[in-house]
Number of protein chains: 2
Amino acid sequence: MNLNRKDLEPFFTPKSIAVIGASRSPGKIGHEILRNIKLSGYKGEVYPINPNAKEILGFESYKSLDDLETGSVDLAIIVIPATAVENVVQECVRKKVPAAIIISSGFSEIGNKGLEEKIASVARRGGTRIVGPNTFGIFYAKSKMNATFGPNYVLSGKTAFITQSGALGLALMDWTTEEKYGVSSIVSIGNKSDVDDADLVDFFADDNGTSSVLIYMEGLKNGRRFYEASSRAVKKKPIVIIKSGSSKRGAQAASSHTGSIAGEDIIYSTAFKQAGAMRAETMTQAFDWIQAINENPVPLGENIVIVTNGGGIGVLATDKCEQLGLKLIEIPDSLKEQIRPLIPGFGSVRNPVDMTANADDEIYSKVVTALFNGDDVHGIIALFCQTADIDPILVAHSLLSSKNQYGNTRPITAAFIGGRQAQAAYSRMIERKFAAYPTAERAVDGMYALITRYRQLQREYGK
Amino acid sequence: MNLNRKDLEPFFTPKSIAVIGASRSPGKIGHEILRNIKLSGYKGEVYPINPNAKEILGFESYKSLDDLETGSVDLAIIVIPATAVENVVQECVRKKVPAAIIISSGFSEIGNKGLEEKIASVARRGGTRIVGPNTFGIFYAKSKMNATFGPNYVLSGKTAFITQSGALGLALMDWTTEEKYGVSSIVSIGNKSDVDDADLVDFFADDNGTSSVLIYMEGLKNGRRFYEASSRAVKKKPIVIIKSGSSKRGAQAASSHTGSIAGEDIIYSTAFKQAGAMRAETMTQAFDWIQAINENPVPLGENIVIVTNGGGIGVLATDKCEQLGLKLIEIPDSLKEQIRPLIPGFGSVRNPVDMTANADDEIYSKVVTALFNGDDVHGIIALFCQTADIDPILVAHSLLSSKNQYGNTRPITAAFIGGRQAQAAYSRMIERKFAAYPTAERAVDGMYALITRYRQLQREYGK
């Protein structure tokens, strides 16, 4: 089933890395990558290759790959002008280097397809797998390997992020760390002359440290392979895709940008859907989905309840649920009787449960406990509007302990709406691995991702 | 045309305020409102009314309204139990108080419609206008009047925010300040027993300090009046509406929440559209639109250009433009010739203009100048992905000075994608009144609001 996994291992868990085009000059890409490899704590051997250096950043430097023993390099990172790349790839083949990342640009993305294909074919015949060209590299948390020229520090987490866009990928590397989303890996896939999305999906499907896969895609060369790989992978973990080029002009721009054929957007949509991959409309939505999925179990059913301290926000969330096809259940009478004494008389025990602005951490806790204390409710969307009296941090902690109690089988997403205090509560929750959001709609969208995942798995494994 | 404006003045620019039910106990609503009025710097007379106090928060206190001279109170704020409100409203009528805000709850929102209608009718016959009941009050920046029990500090700005939901409104009061969105006014409109959205839209249409109106609405009692008022108002300033209860269950929840009839959602949508008001789907979208509108001129035409330092993000923005019906022009050849020498050879001078990851503040400035140096381009969407080399703050300042130069007639929206540095740049821009966003799609959505406004005004005033 997974023919490629072994091939790709050297990209992620290499015993040794050669950086061809390593530089002593800070700011140069050949310096920054070496520096990131050093600073990230990578434990294998590192060989800078530079004809004019004896040592770079404390590593002994070599004039060429030929100065190293055959078989001693697992991963070559190539950072030299496009015209010199072919020779180096031939060296890689000669030296039995199984994996090479070609950082260099100047290939199909500027119309230089012939050279790119020639290099890919040399590598293919010689047994060297290629990521790139035109990439910013690979980060892989488990190996403590940051073989990119992006930010030095990346927060470790559960999602493998594959990006066809360099600039966007680099910006998002920074962003994930700042926003406390962690990643298990980032792969800048570049022009995909050899390794493509399908290979990586196969690899990450079996990767222990990865529990979800996020792909930014502009186009595919081999749609069928991707469809097959993702159909297999979604049985094990969810795949979220941002596919750009959905518009006519966007497709043109994508084509001039990475030289990939954007194709008919509807074909992509249909294929993703049939494969069970989730297509996000925006970057925000993709990350919201991933966050909900990473921090929650797949629910045991589709019965959702909204709990809120504000009627208006409850209505907005209800609208969004209906729009997304989420099932807000009628709360059974017996459960209503349990909830009624917990909330003020002018609240509502219907769904959404309006606990009123008097709802403090204790009321949130008791109502969530009542709802989950039985088999009727499979997931809760908890909403909190900042009020003068109630400390959002306490409500956050109440929800965190509900999650500790029920979080193995019952998902919860939450929204905290308000100013500084609400935002502090929301950040605290994200740090503590709770799928929290700054608006009600986004908390609903998070739950939608979980319900979608439930439906996928039902389709695969359910009666 | 504007029959109500004069009636409503005392709610916003009262010469004197009586707080009926003022309390000496911190935490009580009757205390918090008085405290906010004091702290906000309101310059008029303030009369706490409390049968058992001589002085509250430094203001001389009175036993009842009857202890004050007839005509001496412009605005009464009523914070007493529902059952006692009718008597006090009768006092207001007797004392010729032109405006009263009934903070108290316990009326139609809990099914107590009869009492609410009775009070409204007493007031109507007696010439006292009512906001509420079941509201958190009114903030009005020009009078330095924070007559709410919400946050003490509110950032002043250009948007009047009318909210039917109390909890959501209070949370957003905090949020607007934290996010540096300013407001000219916040009106918690409550159960709308008298003053409703139509009255307020009429008022704010002529209010100098207000340049846009944002409404959170669950339902209307008199759709026709609102349609007429908003049709008049949009000729002067834009109206953005978040209308909840679009779903069946949401409409039910709205009905139990504020006792208002949500009605058929499609009727609302159609009426808003015909009136020229913009209906936002989410809170985020509403504020994004408002921000773009407040910080930019209405464009002189529909010709939009995207400039970007990342191809991928340019494609995503292009998709969004096409989805929203924005017109990305073909850049004229003469203009292409001007731009070509400003950007690296592997960039693109088509629309989106891909300035490549090498684009620094100078390149952004030169390309924007070239694009605006003629009449072909009416608006620019500028995108920036954080890179290792370029300081986002410098790019932010470059865009700020482009805005200084062209911002009287040409709108610019921007997105800064990335980690800490990008987010700092983005915050700086918002502080400096630039419509900046954290994702490309939102920057496009901001421009969409401006183009929509252009089309509205074309329809009203165009050739």
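Modeller: Start with Lys366(B), which is partly exposed at 42% relative accessibility (buried is under 20% relative accessible area, exposed over 50%, partly exposed in between; 1.4 Å probe, protein chains only). This is a predicted model, where local features need pLDDT of at least 70, side-chain atom pairs count only at pLDDT 80 or more, and totals for chains, interfaces and linings use all residues; side-chain values use heavy atoms, without hydrogens or water. Residues are numbered from 1 along each chain as its sequence is written, while chains are lettered from A and ligands numbered from 1 in the order in which they are written.

Lys366(B) pairs with Glu362(B) in a salt bridge, with the closest N and O atoms 3.4 Å apart (a side-chain nitrogen of Lys or Arg within 4 Å of a carboxyl oxygen of Asp or Glu). Both sit in helix H13 (residues 361-372) of chain B, four residues apart, so about one helical turn separates them (helices, H or I of at least four residues, and strands, E of at least two, are DSSP runs numbered from the N terminus). Glu362(B) is partly exposed too, at 49%.

Over all chains, the count is 44 salt bridges. One of them joins Arg94(A) to Asp66(A) at 3.2 Å. That pair links distant parts of the chain, 28 residues apart: Arg94(A) is in helix H3, Asp66(A) in the loop between strands E4 and E5. Asp66(A) is partly exposed at 37%.

Now to the interface. Arg420(B) forms a salt bridge with Glu178(A), closest N and O atoms 3.1 Å apart. Arg420(B) lies in helix H15 of chain B and Glu178(A) in helix H5 of chain A, so the pair joins two chains. Arg420(B) is exposed at 60%. Glu178(A) is partly exposed at 23%.

Between chain B and chain A there are four salt bridges. Another pairing there is Glu330(A) with Arg249(B), at 3.1 Å, N to O. The contact takes 60 residues from each of chain B and chain A (heavy atoms within 4.5 Å). Of the area that chain B buries against chain A, Glu178(B), Arg249(B) and Val315(B) supply 14%, more than any other three residues (buried area is the accessible area, 1.4 Å probe, that two parts lose on being put together, summed over both). Finally, 100% of the interface residues of chain B are also interface residues in chain A, so the copies meet through the same surface.
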